[in-house]
Amino acid sequence: MDFLVFLSDFIMPLMIFYIVGYGVLASRPVYDDFVRGAQKGLKITVEILPTLCGLLVGVSILRASGFLDDLSALLAPAAAAVGLPAPIVPLSFIKMFSSSAATGLVLDIFKEYGPDSRIGWITSILMSCTETVFYTMSVYFMSVHIKKTRYTLAGALIASLAGVAVSVLLAAG
Amino acid sequence: MLNYIWAAMILAGIFYGAVRGRMPQITEGALAGARDAVNLCLTMAGVTALWTGLMEIAERSGLLDKAAGGLRPLIRFLFPQVPDGHPAQADISANMIANFLGLGYAATPAGLRAFEKLETLNDKPGVATDAMCMFLIVNISSLQLIPINMIAYRSQYGSANPAAVIVPALIATTVTTICGILFAKMMGSKSSSPAGVREMKMTGRTSEHVCLSEKKKGPGQTDVPGKSERGA
């Protein structure tokens, strides 16, 4: 993991360097472009604040009621049998339906265990390697009225399972 | 979908809390959740603005177009059923690049456009083509190179090195994407025949406006931008 962290340290600075350098070579007013883009970014953040607020309130209520802890305790033996920490199980399940709801759970996990704990690491990697299965499929197939989706679901579930497995392995390494 | 999940969280939480006698904690939790959301958005605002600012430079300097050109061989390999030069190719590459860069809000519209054009190559209305299956499996297996939102969340919750997730996430997403592609290739090769350009309209499409309005409210609304969300 140390080497991976070392590599990760380089990617952002190099990418920023490359993008700004490319813009300068293309003789663009890079700073003006940046400011215009940053404005769009701020708008996006303001737009997601209500969503995030609703979700964090929902997850906080669930956490405060003791439901999440009891669920984790209930799932712990089964989850341990396949090498998963219990809080990861509801997360990988919810993630198939809604990535925003999963984000609420992620933030709850970070708050409880910290992003650098083993559970925090699995969560960080898991959330970065697959998308919402059912949401994505329904949006796309509905848009062109497709009813028979053939092997799409199987393929998406295989990719998601692979994601859980590889996240646990990488976080252990 | 999210409406049900959200309602279930709230109702189950309060009911469960009442049974367990934890009503004061629930009030406290609800208020704390709302406060956390605002704090998190403050952190996110900076990171997102930095990212979209950089992407604006990349777009206007032609870097994104150049990247789209570089993707062509990959797209030809993944979607052999799409004839070379077909407009679907451009939309697929726009969708993929937006996904690479974590721009979920840009990926979904491009993806829906790509899907519409794949539908014109579909000679069995209502049944997904190999190209559609491949497209969605690749999208769901995630292509994101830099998980910018995750970095923001990690930094908000006190990670010693928020960006340390980049390479492990990259490895993980490569593994899931390759698994998805292999599976789709295996399943697809069995039944696919090299289809020519067959501009066939769907017969059962009577209500174009219904389909449009679905598209408008479909993506991006429930998902936190940055993923597909995305992806959302």
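**Basis.** I note that this is a predicted model, in which local features need pLDDT of at least 70 and side-chain atom pairs count only at pLDDT 80 or more, while totals for chains, interfaces and linings use all residues. Residues are numbered from 1 along each chain as its sequence is written, chains are lettered from A and ligands numbered from 1 in the order in which they are written, and side-chain values use heavy atoms, with hydrogens and water left out.

**Salt bridges.** I count a salt bridge where a side-chain nitrogen of Lys or Arg lies within 4 Å of a carboxyl oxygen of Asp or Glu. Over all chains the count is 15 salt bridges.

**B:Arg113 and B:Asp91.** I found these two in a salt bridge, with 3.2 Å between the closest N and O atoms. The pair links distant parts of the chain, 22 residues apart: B:Arg113 is in helix H5 (residues 104-120) and B:Asp91 in helix H4 (residues 87-100) of chain B. Helices here are DSSP runs (H or I, at least four residues), numbered from the N terminus. B:Arg113 is partly exposed at 40% relative accessibility.

**Network.** I also recorded A:Arg63, A:Asp69, A:Asp108 and A:Glu112, which are joined into one network by salt bridges that share partners.

**A:Asp116 and B:Arg154.** The closest N and O atoms of this salt bridge are 3.0 Å apart. The pair joins two chains, because A:Asp116 lies in the loop between helix H5 (99-113) and helix H6 (118-129) of chain A, and B:Arg154 in helix H7 (residues 148-156) of chain B. I read A:Asp116 as partly exposed at 35%, whereas B:Arg154 is buried at 0%.

**B:Arg60 and B:Glu56.** I found a salt bridge of 2.7 Å, N to O, between these side chains. They are four residues apart in helix H2 (residues 23-60) of chain B, so about one helical turn separates them. B:Arg60 is partly exposed at 37%, and B:Glu56 is buried at 4%.

**Surface of chain A.** I looked up A:Leu14, which is in helix H1 (residues 2-25) of chain A and is exposed at 53% relative accessible area.

Conventions
Buried < 20%, exposed > 50% of the residue type's maximum accessible area, 1.4 Å probe, protein only.
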